[in-house]
Amino acid sequence: MRRFRLTLAGLAGAALVAAGCTLPALAPRTDTDGEAAAPGTAPTWRACPEVAEELVGRGAPGMRYECARIAVPRNWGTGTGATAGPGVGETFEIALLRARSTKQRDRIGSLVVNPGGPGGSGVDTAVYLSFGPAFGGLPASVTDRFDIVGFDPRGVSRSSPVKCISDADLDASFGYDPDPASQAAFDGFVALSQRIGRGCGERYGDQLPLYGTEQAARDMDAVRAAVGDDKLTYLGYSYGTLLGATYAQLYPQRVRALVLDGAVDPKMGLIAGSESQAKGFERAFDNFTRWCAANAGRCPIAPDARAAVTSAIDKARVSPVRGADGREATPGWVFYAVISSLYTESGWQELARAVDRLEGGDPEQVFRLADAYAGREEDGHYSNLFDANLAVNCADEEEKPSRERIRQLQSQWREKYPLFGPALAVGMLSCTEWPGGRDPYPTGRADGAPPIVVVGTTGDPATPYEQTAALATMLGVGRVLTWEGEGHTAYPQTTCITAAVDAYLIDLTVPRPGLRCPAR
């Protein structure tokens, strides 16, 4: 299990799924996307309603969609680890989508959005957010004042995508035992991680560090310029908070308003960050089990959901259930179904049903949940979500723990975080075995920037709440807004959160100190 900071298909995606809309994997570039605008020149926007139609089956009522492409330097030449060498003089193409309401009035500018990951598509997210509150999207008070602009960061989806991991290796990775206890099983995951790293190294070589977060944050300033805004207004979820925080350090005078929801603590190294996530997922799973015990009529694995899930994983080690497509529901697939379900409170009931059906010999719900997390299509093909996830995470990380240290942590974290600790420890092997140099992002203050709103959710599994204050403090201008809810990220899920963020985005009214919004 790798270190992840993602919101899957974006915050609005879960609501669209619940409404019966199908969300396919990230869409590839089409031949009609046009040429990328040269660095420093204005892009050519074209109507692209087909993007929304491909993703959701239709466009949002009253919304127009336009797309453009811009070229950015592969190597901005100012990073801490990529100051010279590969990529100098070459460019990446960055894909943009602009959703504009036909009811727009008193336009403020563009709201640039990123869903996290790393590896999530901002183009897709702009589409999802354009659908309004009924589908988990942005309120009309925002879409009436801003263009919603999504971009796919370098290496992601439509933006010079990284693709170097085979479908077979991704299947093997997700299906692998999340806690390979024996030395032979552990060594098998080492070998798989080496094979993945070797394949990506052979394909991209010394270009790999160029996919790091600081380079992508500099691309964001090119996006700001491309949409014609003097200062950036930005909404970043999960890993998108790291992008936003990095931007604020690099360009503090060019910040109008940043909302960083689901905060990543940039000062946490790989080990500390992985343990923090183990703790966060364990806490979220405990919340799920308490809900299950209190709602037995809606939870078929009550009263002891933890025992039921643990038993399902243990049984999968011995006799995995085979699905309709011939795939076996091995421990990894069961585990990732659990992970996927903890991103939203609405996923809890789905998880309980999936585990119950697996016990009855039907693994299809388990596969559906795990595949949604993994970006796996029905035909077994993967998007490049996790190719990009590894390329970015491993470029960012200075820390490279040894296999022996990881093995020790696997045992230690099993005692502290029994369901998630071993997987978060073993997942660090992905970057330990990753080739290429590193290009770590800055971890300092954003002196000169206006107040930045940092939103945290008390029950967040993937970016635990404790990281919220840490990010706000690091920036020096951060203002914490708390949601006492469950799941990953908060805006725009409740009236209280929505009102506070909207007032900041539109009028630059900073939430009062210590504001905490109730779960409902």
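A salt bridge here is a side-chain nitrogen of Lys or Arg within 4 Å of a carboxyl oxygen of Asp or Glu. The model is a predicted one, and a search of the whole structure finds 31 such salt bridges.

Start by selecting Arg 98 and Glu 66. Their side chains form a salt bridge, with N to O at 2.7 Å. Arg 98 belongs to strand S3 (residues 91–101) and Glu 66 to strand S2 (residues 63–73), so the contact ties together parts that are 32 residues apart in sequence. Arg 98 is buried, its relative accessible area being 10%, whereas Glu 66 is partly exposed at 24%.

Next, select Glu 282 and Arg 306. The closest N and O atoms of this salt bridge are 2.8 Å apart. Glu 282 sits in helix H9 (residues 270–294) and Arg 306 in helix H10 (residues 305–318), and the pair links distant parts of the chain, 24 residues apart. Is Glu 282 buried or exposed? With 7% relative accessibility, Glu 282 counts as buried; Arg 306, with 22%, counts as partly exposed.

Then move to Glu 484 and Arg 516, whose side chains meet in a salt bridge at 2.8 Å, N to O. Glu 484 is in strand S9 (residues 478–486) and Arg 516 in strand S10 (residues 516–517), which puts the linked parts of the chain 32 residues apart. Glu 484 is partly exposed at 36% relative accessibility, and Arg 516 is partly exposed at 41%.

Finally, select Arg 100, Arg 107 and Asp 147. Salt bridges with shared partners join these residues into one network.

Key:
Residues are numbered from 1 along each chain as its sequence is written. This is a predicted model: local features need pLDDT of at least 70, side-chain atom pairs count only at pLDDT 80 or more; totals for chains, interfaces and linings use all residues. Side-chain values use heavy atoms; hydrogens and water are left out. Helices (H or I, at least four residues) and strands (E, at least two) are DSSP runs, numbered from the N terminus. Buried means under 20% relative accessible area, exposed over 50%, partly exposed in between (1.4 Å probe, protein chains only).
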